[in-house]
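Please keep the sequence and the coordinates open while reading.

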Amino acid sequence: MARNNNINLDEVGYNTDDKTKLKIDKNNQDIILDVKNLQVDFHVGKNKMTAIKNVNFQVAKGKTLGIVGESGCGKSVTANSIMRLFPKTVGEIADGSIIYEGRDIVKMTDSEIREIRGNRISMIFQDPMTALNPVYKIGEQLMEILFAHQNISKKDAFERCVNMLEKVGIPAARQRMKEYPHELSGGMRQRVMIAMALLTNPDILIADEPTTALDVTIQAQVLELIEELKKEYNTAVLFITHDMGVIADIADYVMVMYAGEIVEYDTTEGLFEKPLHPYTYGLLKSIPKLYEDIDRLYTIEGVVPALNEMPDGCRFSTRCEYCTEKCKREKPPLINLSGEKKVACFRYV
Ligand SMILES: Nc1ncnc2c1ncn2[C@@H]1O[C@H](COP(=O)(O)OP(=O)(O)O)[C@@H](O)[C@H]1O
Ligand SMILES: [Mg+2]
């Protein structure tokens, strides 16, 4: 039976005067990355499948934007497109622009993007072995990054790398420089990868689930480290996670993605205080609480639809307890509410 889904926005504290206007703050000089209308398609056999669509966001210097959503929602595709990490045979940026310092990354030549990747924009991955080569010593791999992007002597490069390893909390850094990745623990390898990403003092650090494989103590240390480095260097951080608890710790702004689209955007405070999208409620409900029986942990029923099985209307409609006939038929637009809030749900239109 259909229930009354309409929410009065005034009652929940939002005004809706300018909900169709796209808010872009042109006076804000601190925006370092401006992603507009991004769409990425993959080639699967003879077919093209759209993995992300209509993705718009900005990242400011010294701020962290968290991207959250379950596995398969398009978080990594979003991150990888900023680094232009797909070979053309696999996928392509089919639409949109990624403006970094006034230039569009989408239109850059391969050599232009190589200048930026791993230098001005760098990334830490979930699995350090994605970034570390098992056959080279830690020091060789770190120094290589400096040689690739800077005119620097071997001695100076060595010292800079030791310094960065110390900064990320690696004891006996000088010694570690001469070791191979397999000689380090998982936590230490993660730190090496963070050191690699930060060595060139990038403008933007993209962290794609960097703590998922770590135990909680090391996870907390890594988050703290990113926080400190962000403050020191005014780095803009794009932090990807499926964990709302981590978002609460680290993000200034949050973008919630579902099935390749943005369903809600807000300041972290706003999102936790007034989550509006039913998918966001679900994610928030699934944060484990201290002392809670782990067996009773909430999970959103169902799974993220595969790219070739996307529902016509709202993509969350198949799992949403508030779903109506309209939701199954039509796609809710992402609307601007007051403050930073944006949401894509017919309950608020
Ligand atoms: N190389 C690829 N070829 C085809 N589909 C892909 C490829 N990479 C990712 N996808 C699809 O794109 C969607 C988003 O994936 P991804 O960004 O990796 O999700 P997340 O990082 O949020 O877990 C998923 O449906 C995934 O199956
Ligand atoms: Mg991912």
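Which residue is the bridge partner of L33 in strand 4? The partner is Y100. This is a predicted model, in which local features need pLDDT of at least 70 and side-chain atom pairs count only at pLDDT 80 or more, while totals for chains, interfaces and linings use all residues. Residues are numbered from 1 along each chain as its sequence is written, chains are lettered from A and ligands numbered from 1 in the order in which they are written, and side-chain values use heavy atoms, with hydrogens and water left out.

The bridge between L33 and Y100 belongs to the pairing of strand 1 (residues 31–44) with strand 4 (residues 91–100), which is antiparallel and has eight bridges. Helices (H or I, at least four residues) and strands (E, at least two) are DSSP runs, numbered from the N terminus, and two strands pair if DSSP finds at least two bridges between them. Strands of a sheet pair through backbone hydrogen bonds, either parallel or antiparallel. Another bridge partner in strand 4 is D95, which faces Q39.

These strands are part of an open sheet of four strands, ordered 2-1-4-5 with antiparallel pairing. Strand 2 (47–60) and strand 5 (103–104) each have a single partner strand and stand at the edges, so one side of each has no neighbour in the sheet. Strand 5 is joined to strand 4 by two bridges, again in the antiparallel sense, and R103 in strand 5 stands opposite Y100. Two residues lie between the strands of this hairpin, where E101 takes a positive phi near 50 degrees.

A second open sheet has eight strands in the order 6-7-8-3-9-10-12-11, with mixed pairing. Its edge strands, strand 6 (121–124) and strand 11 (335–336), pair on one side only. Further in, strand 10 (residues 261–267) and strand 12 (residues 342–343) run antiparallel and are joined by two bridges; E264 stands opposite V343 in strand 12.

How do the helices meet the sheets? Contact here means heavy atoms within 4.5 Å; axes are lines fitted to C-alpha atoms, for helices over the stretch in contact, and angles run from 0 to 180 degrees between N-to-C directions. Helix 1 (residues 75–82) lies across strand 1, strand 2 and strand 4, at about 70 degrees to strand 2. Helix 1 also packs on the eight-stranded sheet, touching strand 3 (64–68), strand 6, strand 7 (204–208), strand 8 (236–241) and strand 9 (253–258), and its direction makes about 150 degrees with that of strand 8. Helix 7 (residues 216–233) lies across strand 3, strand 6, strand 7 and strand 8, and runs at about 160 degrees to strand 8.

Helix 1 also contributes three residues, the largest share, to the shell around ligand 1. Residues around this ligand (a heavy atom within 4 Å of it) include F42, A51, K75, V90 and L307. The shell divides into six nonpolar, four polar and two charged residues, where Ala, Val, Leu, Ile, Met, Phe, Trp, Tyr, Cys and Pro count as nonpolar, Asp, Glu, Lys and Arg as charged, and the others, Gly among them, as polar.

Oxygen atoms of ligand 1 lie 2.6 Å from a backbone N or O atom of G72, 2.8 Å from a polar side-chain atom of S76 and 2.8 Å from a polar backbone atom of V77. The protein covers 67% of the 560 Å² of accessible area (Shrake-Rupley method, 1.4 Å probe) that ligand 1 has on its own.

How values were computed:
Polar contact = N/O pair within 3.5 Å; in protein donor to acceptor, adjacent residues only side chain to side chain.
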